[in-house]
Amino acid sequence: MQADHANLIYLATQRAISQPLATRGREWAHVTQLLFFNITNGLIIGAFYVLMALGLSLILNLSNVINFAHGGFLVIGGYIAYTITPYLGFWGALLIAPPLTAVIGLIVERVLIRPLYGRDPLYSLLLTFGLAFIIEDGTRFLWGAQGKPVTIPAVLAQPLSSEFFFVTGYRLFMVVMVVVAVVLLFLLLRYTRLGIRIRAGTLDLETVAALGINVRMLRSLNFAVGIFLAGLSGVLAAGQLGLEPTMGTGLLMPSFIAIIVGGVGSLTGTLLGGLLIGVASGVTAVFLPAASEAIMYVIMALVLLLRPRGLLGEEGMLT
Amino acid sequence: MMLTFKFDRRSVLKGAAAAGVLPMASPFIIDAHGESPVRIGMVDPLTGVYSAPAGNEVTGAKLAVEQMNAKGGILGRQVELLIEDSANDVGTGVQKARKLIERDQVNFIIGDVNSGIAQAIAQVTNEKKVLHIVSGGHTDTITGSDCKWNVYRVCNTTRMEANSVSDLLFNKYGKKWHFITPDYAFGHTLQQACLSNLKKLGGTMTGNELTPLGTTDFSAYLIKARAANPDVLILLVQGSDMINCLKQIVQFGIDKQIHVAGTQQELESLEGLPPEARIGIWMFEWYWRQPGVPSVDKFVADIRKVNGGKVPTARHWFGYTSAMTFALVANQEKSIDSLKLAKALGNFELPDDVKLQPNKCYYRAGDHQLMTSAFVGSAQSNGKDDPEDLFKVDQVVAGDRTAPPVADTGCKLTMPT
């Protein structure tokens, strides 16, 4: 094929008149394969958005904090992993970096965010917006502006087959980690006392407080769980992307979009939203690569216009 | 639970006021000694995806200012370097350039790494008649169709970069090329230059993936590129995009099926990659290991002292050479008048201790482009006797061999009277 694959559909249609059936069939098979590859690839990317978006969503649902610093915590997780990898290896870093990031998150929540709970959400939005810059500059100060290499175990650094070259051991491992994290999170929320309180608090925090539950502690723990997921995302991202202070910025917006599309207040919606924008972005890349990022915003705009509460969101969550 | 957003008028006004005040904050100023110093303003994206190369350009310029002050400065006056962050944003870059010229009264301007910002700043410096050296923005038009009497450039043009490696890539790797191109001025002109060379050589393009600046996941583009089955995958992305793209290419095993190469490669990117992803034929705009070339070892030692023991990259040399050029030409002409110096810089040749390369290195009078060498070679996964020796230079091609004739650049300079 000499033509740009962005024009594949156009070319295939044009040639349909003049080419024999077998050639036409091959071209359509080629497009179908490309489409299938990109849907699968979109699901993998979407799974990663889900991991980040779930942490954001948890914090937003219970505490009304739109955490713009979430990408910053992701970067912190990545840099902690980079720092401890030489001593404990990738697996050790994967085990230790997320809880360490959660501890940092807990301190930030206690010192900076807690005093703003009673105020307009605009205050915490501005605070976390500023915090994102502080974290970016802080990591630049500590680790330098230059990208850092994080080496992943050789066993994961290979594609599973030459045809499905984009499904590497590492990407598959990432998806497994996301599935495990999502299942554990849903089990935590459904079957543990903490989870039931978080869910209750999401619906009516005042009543939960009136029942004698320590709401401060509940918010802190919830924030820590959210930041734990950001830290985990950071370690996983550092293995695949270049680790540098601005890494979180590019990953934050798709996560916000996943929440808005899925619906604020619904973790299942967030899960669905993340996968949906991942696949939409992948499919768009086949036909109109330049719009593969814009499509996420188009979906968000459509959802906001046609169903403002999101796909599975609850009425009135964003009024 | 109800989320109530109250973005009332006061909140918006407060936010707008805060955002407005931020760019007006004072710049970082490097020591000034004595009265009435000569001031050099530098605008570079110290935050954002180009913060690493920008930081290195600043370190190079600082070293130059220290060295020129130790030798008596410019016309016996000490030199101050005022550094501003363009934040990789055109509007901010223009605002910072205006502030440096109007409020801080700088005599000269250096910047920017980002081609789009460099071009926008050039409009400002031209309007204000301030001598300006573009340290690291590569797009052709700066010394091409948009050239200006007051603007010179140290780094290569995209056309020079493409010319330095096209023949080699074609002969060694094959005639079907697929491009991964950053979707802004630099990427567009670089891709056009490569494509033009490819066509002249008789090759074909299987596709061109335009990727937004700051792309983290290249998998969708790589799926398309591999499906097109080219001989060579040409990466024109830079900075963190280069790191992300190369890392994913190697993890997908694409480098085992298709040759992976490109034009401009930087030490900052190679150092950010794991060893297995340091692959391909590229050109460096300057390299720190040049056995037998005068003054290079001293420059490397000087930068190591101020750079945490790390060697200089091409970006250090850009910043150093840009700042040094002002001192050299001003002391030669015994003037800091921008017009006089702009005229004097035409065909001005850099001395050994600034050019730091084997070939003749001079600012071409016809388009104000520095005729600087291209260091063509291949990436090394590990340095043999120095961990930062990550590039093996095969040939150093002189700038006037890679640059097109002035007549082909589209530059028509008119000096004010």
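The model is predicted: local features need pLDDT of at least 70, side-chain atom pairs count only at pLDDT 80 or more, and totals for chains, interfaces and linings use all residues. Residues are numbered from 1 along each chain as its sequence is written, while chains are lettered from A and ligands numbered from 1 in the order in which they are written.

**Chain A**

Chain A has eleven helices and zero strands, where helices (H or I, at least four residues) and strands (E, at least two) are DSSP runs numbered from the N terminus. For its 319 residues, a compact globule would have a radius of gyration near 20 Å, and the value for chain A, 21 Å, agrees with this. The radius is taken over C-alpha atoms, and the globule rule is 2.2 Å times the number of residues to the power 0.38. The C-alpha trace of chain A spans about 75 × 50 × 35 Å along its principal axes.

Of the 319 residues of chain A, 49% count as buried. A residue is buried if 20 or more other C-beta atoms lie within 10 Å of its own, exposed if 12 or fewer, and partly exposed in between, with C-beta atoms placed from the backbone. Among the contacts in chain A with a separation of 6 or more, 72% are between residues 24 or more positions apart; two residues are in contact if their C-beta atoms, placed from the backbone, lie within 7 Å.

**The contact between the chains**

Chain A gives 48 residues to the contact and chain B gives 46. On the side of chain B that touches chain A, the elements giving two or more residues are α2 (51–70), β8 (204–211), α7 (219–227), α8 (239–252) and α9 (267–271) of chain B. The largest share of this side, eight residues, comes from α7(B). By class, the side of chain B that touches chain A has 20 nonpolar, 18 polar and eight charged residues. Here Ala, Val, Leu, Ile, Met, Phe, Trp, Tyr, Cys and Pro count as nonpolar, Asp, Glu, Lys and Arg as charged, and the others, Gly among them, as polar.

**A sheet in chain B**

In chain B, three strands form an open antiparallel sheet in the order β11-β12-β13; two strands pair if DSSP finds at least two bridges between them. β11 (281–284) and β13 (391–397) of chain B are the edge strands, each pairing on one side only. From one strand to the next, the twist averages 30°. Strand β12 (residues 374–379) of chain B is joined to β13(B) by six bridges, and Val376(B) stands opposite Gln395(B) in β13(B). Helix α5 (residues 158–173) of chain B packs on the sheet, touching β11, β12 and β13 of chain B, and its direction makes about 160° with that of β11(B). Axes are lines fitted to C-alpha atoms, for helices over the stretch in contact, and angles run from 0 to 180 degrees between N-to-C directions.

**Backbone features in loops of chain B**

A cis peptide bond with omega of about 20° joins Gly111(B) and Asp112(B). Asp112(B) lies in the loop between β4 (108–110) and α4 (115–128) of chain B. Two residues other than glycine with positive phi are tabulated below.
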